Amino acid sequence: MKIMPITALRDTVKISEEINKHREPIIITKNGYGDFVIVPIEQFESEGRPPMPEERHRPRGPRPPLEIMPMMEHGEFLHDDPALHRPIPMMGEHRRPPKKNANQADDPLGFIRVGASSIDVKIGNVTHNVEAIKAKVIEASKKGVKVLVFQELALTGYTAGDLFLQSRILELVQNGLAELEEFSKDYDILFAVGAPLHDGISLFNCAVIIHRGRILGVVPKTHIPEYGEFYEKRYFQPAPKQTGFIHINGEPYPFGNKLVFVDESYPKLKVFAEICEDGWMPDSPSVFASLSGATLVLNLSASNEVVGKDAYRRKLVSINSAKQICGYVYASAGIGESTSDLVFSGHHLIAENGSILRQSKLFENEDIFADIDLDLINHERIRTTSFSDSFTPRMVYIPFDMEIPLQKKIERDYPKNPFLPAGEIDLERVSSILKMQAVGLATRLKAIKCQKAVVGLSGGLDSTLALLVMVESFKLLNYDLKGITAITMPCFGTSKRTHDNAVKLSEELGVGLLEINIGDSVRQHLSDLGHESNVENNAFENAQARERTQVLMDYANDHGALMVGTGDLSELCLGWCTYGGDHMSMYGVNASIPKTLVRYLCKGYAILHPEATDSLNDIIDTPISPELLSTKKGELAQKTEDLIGPYELHDFFIYHFLRYGASPKKIYVLACQVFEGVYEKEVIKKWLKVFFRRFFQNQFKRNCLPDGAKVGTVAISPRGDLRLPTEAEAEDFLKQLDFVD
């Protein structure tokens with residue numbers, strides 16, 4: 001093998017001549033360190049290919065020592081094993097097209113089922129522990145689990161003490177790993193087991209990653225605790241800085257704390273492992289792995305239990321998954337560990353991007369499973385552009401190949417109303433949201449030195465919430481509530497119920513009330529247009545909405561007031577508003593409040609303010625209607641949800657589409673699971689198609705929205721969260737729904 005200095009790169013002709021002459025790799029060095037390797041084309045083509053199926057499970061035998069060769073400055077490596085022809089591909093490089101999950105029918109929609117498990121370990125009884133691991137793998141495989149993590153040092157027990165120094169134990173560990181490698185041939189599940197391994201010089205606390213008859217790699221613990229009840233430095237050395245190989249039964253395997261395991265057929269799945277203390281440290285190895293693309297972090301732990309530690313552990317796992325924007329699966333030691341000085345609870349946790357998806361009960365060795373959403377993780381990383389600003393170290397990418405089906409039932413909990421807190425009405429949350437809305441309006445009023453505001457009050461939910469926000473805003477500013485004028489503007493479609501509720505609510509809240517009947521004005525306007533009086537079309541409806549907006553704007557101008565808008569997030573996403581009518585205002589307080597949350601806030605306000613309970617409760621119970629078609633005997637002629645679909649469905653669609661960039665198929669699958677027994681699948685598909693059509697067709701309305709503060713994580717201001725061209729088309733989104741059942 002020829003070695004040349006980095007300056008040789010200036011003469012590429014000479015390099016070409018040398019490599020063709022000697023037919024051997026050339027190492028290019030700088031200051032004595034290899035920066036990259038140049039190989040003959042024949043060697044690259046023959047040894048750079050993936051392993052053939054018959055090569056994956058070859059007979060055991062001695063192999064020559066191997067090296068890892070850095071290939072590119074941004075830290076990608078190629079592991080070239082002549083005996084196995086088993087490459088570690090560079091990130092983003094595909095030497096073959098994915099053969100699985102390649103079409104829509106096979107698409108798992110980003111979901112990967114993971115599990116955390118701890119065996120009832122027997123200290124020093126490797127044979128028993130290996131059998132227990134096998135049983136857990138078989139059980140998890142039956143449940144569709146594709147990635148499973150066991151506790152730290154599962155093969156021996158974490159509390160084995162000086163048994164770690166016994167050659168017999170270390171020999172049994174190597175034999176046990178060989179047995180697990182052979183056993184795994186029949187199971188398409190990647191699992192990580194904890195084991196002590198030595199390299200002839202030092203002993204390491206390791207995570208061994210196994211899949212389908214192969215030990216893919218070995219990850220040593222980086223941070224070795226030696227404080228309080230921990231004394232691991234008596235036995236173990238920290239992970240070496242250099243990635244290399246460790247031998248198990250004479251076989252070399254990739255070894256280091258920079259190994260990322262990548263599914264070639266579904267490269268969204270990139271797995272990294274760290275061990276217990278590593279996850280508690282500020283420079284956790286998983287942080288650097290996540291910055292290098294790892295989407296799923298496994299933590300093999302033996303965290304002992306003391307009072308309050310479970311809550312701290314839960315926060316730690318949650319924060320690790322949040323700051324790394326990853327899935328995080330944590331398995332801890334439990335039953336069977338020595339209780340001479342410590343007690344272990346078997347506390348398992350599965351987290352995703354800050355949310356705890358599952359956790360086990362303490363002291364029960366309860367296995368847990370959940371579906372991590374890799375699409376969600378990738379979406380959050382893409383939109384969080386600062387995530388990629390951080391330093392990314394060199395990592396080694398090791399390929400494996402796994403079938404990942406779409407599960408019949410997604411193993412995680414999705415709320416029907418994602419914008420609402422779970423359970424009973426959270427009055428603290430209600431007060432917090434109303435306070436944010438009120439502060440936004442108060443800041444605008446102070447900035448323009450205005451102590452008057454006007455709102456169109458219909459007796460419906462949106463205008464009611466807008467009025468409540470105005471009242472709270474005036475209270476913050478110590479303004480006279482009589483500076484608020486609620487204007488009710490009955491016309492052809494106004495029902496007695498909504499009219500009376502508007503009047504009653506204004507009186508209960510102590511604000512000014514003005515009634516202006518716009519019927520004659522609208523008739524005159526339509527007559528001027530030559531519109532026939534008996535034709536109740538779009539012009540008939542929109543004329544009323546625009547007349548109301550004109551009245552409110554002109555009244556505000558005439559009295560030096562700010563005209564407050566009422567339109568909510570759901571209506572704006574669906575375009576269920578009249579352009580230049582209720583679409584427009586001088587400040588929109590509900591612009592980031594979806595319809596389901598509007599109702600929730602009104603319910604909460606009714607509890608907090610008994611003086612307005614009667615009118616608020618009746619407004620909440622009134623069917624949602626634009627009230628633009630003529631009433632029939634004083635009753636509503638229109639019900640919005642009959643026309644565009646249930647708002648609880650649309651808010652579910654909006655949340656998953658805008659918050660996480662979910663595809664139509666994924667939204668449909670989730671909605672069918674969440675609303676099972678509430679809506680038929682065909683009904684869900686019908687309204688989902690309506691949502692996508694209306695969302696794309698009405699971007700022109702959202703492109704010129706008035707100011708309004710963002711309150712939740714989903715917002716559509718053209719100056720903030722949503723930048724979308726008016727001409728964007730929905731066709732490809734809708735087509736995907738044609739192929740789902």
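In strand 25, Tyr-587 is the bridge partner of Val-564. That contact comes from a predicted model, and it belongs to the parallel pairing of strand 24 (residues 562-565) with strand 25, which runs over two bridges.

- Five strands make up an open sheet with parallel pairing, in the order 23-22-21-24-25.
- Strand 23 (512-515) and strand 25 (587-588) sit at the edges with a single partner strand each, so one side of each has no neighbour in the sheet.
- As background, strands of a sheet pair through backbone hydrogen bonds, either parallel or antiparallel.

**Helices across the sheet**
- Helix 9 (residues 427-447) lies across strand 24 and strand 25, and runs at about 160 degrees to strand 24.
- Helix 10 (residues 461-477) lies across strand 21 (453-456), strand 22 (484-488) and strand 24, at about 165 degrees to strand 21.

**Helix 15**
- The buried set includes Lys-595, along with Tyr-600, Cys-602 and Tyr-605.
- What do the buried residues of helix 15 pack against? Their partners are helix 9, helix 10, helix 11 (496-509), helix 14 (569-574), helix 16 (613-621) and helix 18 (647-660).

**Cysteines**
- You'll find zero disulfides in the structure.
- Cys-577 is in no disulfide: the nearest cysteine sulfur belongs to Cys-704 and is 9.4 Å away, whereas a disulfide needs the two sulfurs within 2.5 Å.
- Cys-577 counts as buried, at 10% relative accessibility.
- Cys-491 is buried too, with a relative accessible area of 12%.

- Arg-212 isn't a glycine, yet its phi is positive, at about 50 degrees. Arg-212 sits in the loop between strand 9 (203-211) and strand 10 (214-220), and is partly exposed with a relative accessible area of 35%.
- Ile-325 also has a positive phi, near 45 degrees. Its place is the loop between helix 7 (309-323) and strand 16 (327-332).
- Is Ile-325 buried or exposed? At 6% relative accessibility, Ile-325 counts as buried, being under the 20% cut-off.

Technical notes:
Residues are numbered from 1 along each chain as its sequence is written. This is a predicted model: local features need pLDDT of at least 70, side-chain atom pairs count only at pLDDT 80 or more; totals for chains, interfaces and linings use all residues. Side-chain values use heavy atoms; hydrogens and water are left out. Two strands pair if DSSP finds at least two bridges between them. Helices (H or I, at least four residues) and strands (E, at least two) are DSSP runs, numbered from the N terminus. Contact means heavy atoms within 4.5 Å. Axes are lines fitted to C-alpha atoms, for helices over the stretch in contact, and angles run from 0 to 180 degrees between N-to-C directions. Buried means under 20% relative accessible area, exposed over 50%, partly exposed in between (1.4 Å probe, protein chains only).
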